[in-house]
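Dear colleague,

Please find below the structure that I am handing over to you.

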Amino acid sequence: YHFITSYHMTIKELNDRLSKNNKKFNYISPRDFLDFTIHFTNLLIEKSDELSEQQEQINKGLHKIIKTEIMLNELKEKEVELKKKQKETHIKIKEFYEKQLLKVEKMNIGKLKINYEKLVIEQSYIKSRIDEIKIKLERCKNLVFKLRNEKERWGQQMIKLRDQINNLLGDTFLSSAFLAYFGFYDLFYRKYLKDKLKEILKKNGILFSNDLDEVECLIKAYDKVKWLNCKLPNDHFYLENVTILQRLKRYPLIIDPEGQSIEFIELFYISKKLIKISFTNNKFMKILENALRYGYTILIQDVQKIDPIMDSIFNKEFLKINDRNLISLGDQVINFLGTFNMLMITRDSAYNFTPDLCSRVTFLNFSITQSSLQNKILDILLRNERPNVYKVKENLVKKQIEYKQILRQLEEDLLITLNS
């Protein structure tokens, strides 16, 4: 991990520059490095298993197609052989019939009949075998015809999978750094940090994918559909934020001057009994206690300073006594349900959070981007000027993502069916 130490220092230098020139404050701590190592270990196992499983499934699928093609050729040869035998048997019957007519007076009629029936039975058996082979041939031809494009695509996918396996270590470093370090920064500095890490990986001879998209690498297709249905702006920067949000090791503190995330959070956590509150609310402690006891999700708004009473929650200092999960809150110990979750949000992007707080939370920067602003203005114009077109466009975007998800699922089902 010596080069990650170097990367750690790169981020510290960037933070110093931002605090001096842009009045944006972030402090890196050993916890960030710990988060990175946890993400790296988990992702390396997860992606290694995932790639191995995909490779095994495609290998089996390709083997099944090759096996079917071999069977097809064998059946064709068998069909030719049986037709030849059928023809020979037909000739034998004809010859037998003609010869035996001449000898019918000298031979036993019963014996003649037995010999004739044997030839007819043989011919009938050959015909039934030919019919069976024709059915199998038709099935094999249909399967090979329908899978001819899949065979080519799976072959290309195997090449891609081999590249991904070769690049697994570097891609895991990039994805882990993305999850552990990138949340605080805007689009420009995320690209800067990613480029810096690529330089370090190249210098140390570690392979990685130049075109790696961390969002596509870390989420499932249906995740994006679900997020967009919860009114998340269809902007890659915000997709990155929610990708990080789904894999957090610490509670998130969202920097959102324009309130871009509020509607999404309300819709996304609606099934988790989301409660919105602020530290200034007189009932804050009572609401927090209930959320901990019953496993609710709370959204604390307008955060700047954190009450020290929250330390045990930030540090996740949970106790287990018998079958009960407990946590200290002030001067009392209360029951804790594992489904509890907490999000915090601030509109002040220039607030100087203390190093101690920075080490306890994961920042997520939801500040508006140029592309999201353009998209928002275009959406407002389209919604007001051409509401019907706007509705069609929204549906098309969702359908496109849904179809990708369905296609991926069908591909997986096809491989499972072929391998069963």
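The notes below cover a strand, a residue in a helix and a pair of helices.

This is a predicted model, in which local features need pLDDT of at least 70 and side-chain atom pairs count only at pLDDT 80 or more, while totals for chains, interfaces and linings use all residues. Residues are numbered from 1 along each chain as its sequence is written, and side-chain values use heavy atoms, with hydrogens and water left out.

Helices (H or I, at least four residues) and strands (E, at least two) are DSSP runs, numbered from the N terminus. Five of the five residues of strand E8 (residues 361-365) are buried, so E8 is largely enclosed by the rest of the structure; buried means under 20% relative accessible area, with a 1.4 Å probe and protein chains only. Val-361, Phe-363 and Asn-365 cover one side, and Thr-362 and Leu-364 the other. E8 runs parallel to strand E1 (residues 251-255), and five bridges join them. Asn-365 of E8 is the bridge partner of Ile-255.

Glu-240 lies in helix H9 (residues 236-246) and is buried, at a relative accessible area of 10%. Beyond its neighbours within four places in sequence, Glu-240 is in contact (heavy atoms within 4.5 Å) with Phe-178, Arg-190 and Val-215.

Helix H1 (residues 2-21) packs against helix H5 (residues 168-181) at an angle of about 35 degrees, with axes 13 Å apart; axes are lines fitted to C-alpha atoms over the stretch in contact, and angles run from 0 to 180 degrees between N-to-C directions. H1 contributes Phe-3, Ile-4, Tyr-7, His-8 and Ile-11 to the contact, and H5 contributes Phe-173, Ala-177 and Tyr-181.

Note on methods
Buried < 20%, exposed > 50% of the residue type's maximum accessible area, 1.4 Å probe, protein only. Pairing = 2+ DSSP bridges.
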